[in-house]
Each structure stands twice: as C-alpha cells, then as structure tokens.
Amino acid sequence: VRFRHITRRDALDPVLRTLEAAIHLDLPLKINTVMLDDFHGEEILSLAGLARSFPVTVRFIERMPFSGEQVKAPPAWTVKKILAVLKVFYPEILPEVHAIPSTAHLYRVPGFAGKIGIIGGYSRDFCSRCNKVRITPQGVLQTCLYAKGGLDLRARLRGGIDDAGLIAGIARAVAIKPENGHRAAMAHSGPASSMAAIGG
C-alpha cells in the first residue's frame with residue numbers, strides 16, 4: 001500500500017524481483033530512500049533491515065527542495081534525527097571511515113551484510129566531500145544539484161567541438177564548481193528545478 005501510494009504504481013513485486021536478481025549477480029547496490037515528512041520509525045527499521053540480509057547500502061536522504069516548487073520549510077527528518085532513530089534500533093551502529101569521497105555518512109552494524117548511509121541533502125553537510133557531476137536530460141553538465149544551468153554539452157557536440165575543446169570546457173566547469181550547495185542556491189532566485197529535470 002505504501003509503495004503504491006508513493007510511486008502511484010502497483011509494481012512492488014517486479015521491483016523486488018529485480019533487486020533480488022541484481023543481488024544474485026553481485027552488483028554493488030545503493031538503495032536510496034528520501035525521507036518524506038510522514039515517515040515513521042518502523043519504516044526506517046524495515047528498510048535498514050535490507051542491509052542486514054543483503055550486501056547493499058541503504059541510504060536515508062533528507063528531503064530536498066527539488067519538487068519544482070518553492071519549498072522553504074526544513075525537512076522533518078534531519079541527519080541527526082535519522083541517526084538518533086537508527087541508534088535506538090541499533091545501539092551498536094558505528095561510523096565507517098571514508099576511504100574515498102562520499103556524499104553519505106556511512107555506518108556499519110555488527111552482523112549486517114551491508115551498510116547504512118545518511119545523506120544530508122537539505123543541510124548539504126557533504127559538500128566538502130562531493131566529487132559528483134551530472135548531465136541533465138537536456139545535455140547540460142551540472143556540477144551541483146543546487147545550481148541552475150551549466151555547461152551545455154549538447155550544443156557544443158552538435159556544433160562540432162573536438163575532444164580537446166570538450167575536455168577543456170568540462171575542466172573549466174568543474175574548476176568553478178560552487179563551494180557548496182548553499183552558495184549555489186543563493187546564486188539564483190525562484191524555485192529549485194524538479195529532480196526529474198535535473199536528471200536524478
């Protein structure tokens with residue numbers, strides 16, 4: 001019922017079958033969960049339980065203002081609140097040292113096959129560790145989720161740019177990546193783009 005309410009589709013069974021097939025193939029999996037304001041603790045326990053049984057990383061993400069509307073209210077579920085609830089369920093949970101840059105705070109629970117992660121999508125507490133860029137469906141290279149616009153790769157490719165010119169343009173775009181998501185958001189007015197438009 002909950003899956004159908006969120007996704008507007010009655011497709012839980014094929015999703016679970018696909019998940020099981022991917023696990024069987026030993027594919028590295030991250031299961032992202034955006035924490036809606038009406039989430040409750042039992043749902044966190046249920047989802048985190050996937051990491052107990054399977055070698056997956058279940059990541060809980062603060063709700064971000066990417067609905068295409070002007071959202072100013074902070075999320076009900078913050079990084080601190082998510083972690084506090086996890087500690088109630090799993091008092092032995094321990095942070096994992098990051099070997100490579102990560103947007104998630106990763107944790108291990110003794111006896112778990114996988115990991116648990118928390119991402120401060122709204123608070124943007126991971127910006128100093130972020131090494132990600134993305135390409136929107138329109139072919140624009142975006143160096144920060146909270147930025148508007150970016151390097152139009154599609155236009156450059158259609159214009160016949162050579163590899164060296166393209167690489168140089170990408171390098172320049174990455175070099176001026178905003179210091180953090182707060183600064184990126186302050187650089188433009190109006191509502192944030194929807195996640196579908198960003199390509200996430």
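Is Lys 115 buried, partly exposed or exposed? With a relative accessibility of 23%, Lys 115 counts as partly exposed; here buried means under 20% relative accessible area, exposed means over 50%, and partly exposed lies in between (1.4 Å probe, protein chains only). Welcome to a predicted model, in which local features need pLDDT of at least 70, side-chain atom pairs count only at pLDDT 80 or more, and totals for chains, interfaces and linings use all residues. Residues are numbered from 1 along each chain as its sequence is written, and side-chain values use heavy atoms, with hydrogens and water left out.

View A. Let us start with strand E5, residues 115-119. Helices (H or I, at least four residues) and strands (E, at least two) are DSSP runs, numbered from the N terminus. Of the 5 residues in E5, 4 are buried, so this strand is largely enclosed by the rest of the structure.

**View B. Strands E2 and E5 side by side.** Strand E2 (residues 56-62) runs parallel to E5, and 5 bridges join them. Two strands pair if DSSP finds at least two bridges between them. To find your place, look for Val 58, whose bridge partner in E5 is Ile 116.

**View C. The hairpin of E4 and E5.** Strand E4 (residues 105-108) pairs with E5 in the antiparallel sense, over 3 bridges. Here Leu 106 stands opposite Gly 117 of E5. The two strands E4 and E5 form a hairpin with 6 residues between them.

**View D. Glu 96 meets Lys 115.** Lys 115 from the opening question returns here, in a salt bridge with Glu 96 whose closest N and O atoms are 3.0 Å apart. A salt bridge is a side-chain nitrogen of Lys or Arg within 4 Å of a carboxyl oxygen of Asp or Glu. This pair links distant parts of the chain, 19 residues apart: Glu 96 is in the loop between strand E3 (94-95) and E4, while Lys 115 is in strand E5. The structure holds 6 salt bridges.

View E. Between Asp 38 and Arg 2, the closest N and O atoms are 3.1 Å apart. Asp 38 lies in the loop between strand E1 (29-35) and helix H3 (41-53), and Arg 2 in helix H1 (residues 2-7), so this pair ties together parts that are 36 residues apart in sequence. For Glu 43 and Arg 2, the closest N and O atoms are 2.7 Å apart. Glu 43 lies in helix H3 and Arg 2 in helix H1, so the pair ties together parts 41 residues apart in sequence. Glu 43 is buried at 13% relative accessibility, whereas Asp 38 is partly exposed at 46% and Arg 2 is partly exposed at 25%.

View F. How many disulfides does a search of the whole structure find? The count is 0, where a disulfide is a pair of cysteine sulfur atoms within 2.5 Å. For Cys 127, the nearest cysteine sulfur is that of Cys 144, 6.0 Å away. Cys 127 counts as buried at 17% relative accessibility, and Cys 144 is buried with a relative accessible area of 14%.
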